[in-house]
Amino acid sequence: MNKKKLLILGGKPIGTAEIVNRAKDLGYYTICADYLPKSESVGKRLADESWDISTAEVEEISELCKVHNVDGIITGVHEFNINRMLDICDKTNLTCYCTKNTWIYCDSKMAFKQLCINNDICVAKKYNYEDRSSFRYPVITKPDDGSGSRGFHICNNVEELENGYKDALSYSPGKTVLIEDYIPYDAVIIHYTMDNGKCIFSGMSDKISVRFKNTGSSVMGIQTFPSKGEAAYQENLNAKVCRMFESAGFKNGPIWIEAFFDGIDKFVFNEMGYRFGGSLTYYPVRYFHQIDQLDALIFDAMHEHMDSLIDNGCKDCRKYCILPIHINPGVIKQICGENYIKERDDIYAYVPVHFCGDEIKPWGSAQQVFCYMHILYNDKEELKNSINEILKTLRVMNEREENMLFTLFDIESL
């Protein structure tokens, strides 16, 4: 019997390898499409078949889907490819977990903030650039439709605002910049799973951000589950947020929200993603709540029935940490210690972002993450010891036999 065919858009973005491997495990025939040679596209190397075509070529890919009888289409965390997936689904009548009417809240930070305002959920005050001489500083600038923390700046005066605005504008495809109050609270990430129009709370983490010196960009330094604010959030806001997503027409798929938490009971919503988080946040959702968002996305794309998702909870769960390990500029010549890392019983998941042969540039953004470590632990001292052992073992060497890895987050501050 012929296998059903799943097309994966983009072979390099985070999440691609996991999608291809899981789809093959489920018995599907996988096809990966992008413009890269196989040596630079992990998706192409893993898939059953590959198409040498840019994901921007919507018309051509749509015709190929019809000719090759593709049954479903999916992509990783790259938002450009999600937009192209929506376009291709429109032309081929293939299923997509989201629609353009719901994706807009991920594609535009302003649209999401307006959705929150309409549902009486707190967001930061917004400003017009023309009024910059009368702002109450500090404020932040960021592209309305950007990602990866590129173009984000904290501005303390008019001069910094003008520079930050110009940089944010350069990273905005739609040439729209968001200016708003700087909120001096720590961040939390709130996870949901949409299942046939029902919104299911799927966990919450505390996120500490750090900055690249060369760009000033704020990126994730570490993320830990469960959040100290989870009980307050569930009591005060969860039901309202579930109603918001259900009434806005969200049907299926993973959602994450970044909010700022005052440490007591106030949450200021910042932005959302209608996809996995870049560190592949479906792993902690599966660990704590027994909900497999990856399987749900694949089954949805393939028109396959999946039992309703039920939060069965986690008995005797350890605490959970997502740690990005960063990498200095250069060309990756050798990676050592990966197998040891994967075999550790405190490693729930190892998510590589870059591979041998990749050239790393001084991007000063989330692009400069080599991998994400998903670590289980009981207390902070155990976590600190685990991280130090991992950093001693995992080595990524450049052409001069120098280790390229580092962490932006200060492990000793745990």
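Predicted model: local features only at pLDDT ≥ 70, side-chain atom pairs only at ≥ 80, totals over all residues.

Reply: The largest cavity has a volume of about 50 Å³, and its lining is made up of Ile73, Ile74, Thr75, Met85, Thr95, Cys96, Tyr97, Leu297, Asp300 and Ala301. Two elements, strand S4 (72–75) and helix H11 (293–301), each supply at least two residues of that lining. Sorted by class, the lining of the largest cavity holds seven nonpolar, two polar and one charged residues, and Asp300 is the charged one, since Asp counts as charged.

The second largest cavity has a volume of about 40 Å³, and around it stand Thr75, Gly76, Ile82, Met85, Tyr97, Arg275, Phe276 and Leu297. Its lining divides into five nonpolar, two polar and one charged residues.

For the open spaces, the second largest pocket contains about 470 Å³ and is lined by 23 residues, with Asp206, Ile208, Thr224, Lys228 and Lys380 lying nearest its centre. Strand S9 (186–195), strand S10 (198–211), strand S11 (218–225) and helix H13 (380–393) each give at least two residues to this pocket's lining, which by class comprises 12 nonpolar, four polar and seven charged residues.

Conventions: Residues numbered from 1 in each chain as written. Heavy atoms only, no water. 1 Å grid on protein atoms, 1.4 Å probe; cavity = no way out; pocket = protein on both sides within 12 Å on 5 of 7 lines; lining within 4 Å. Points joined across faces, edges and corners; volume = space filled by probe spheres on them. Helix = DSSP H or I, 4+ residues; strand = E, 2+ residues; numbered from the N terminus.
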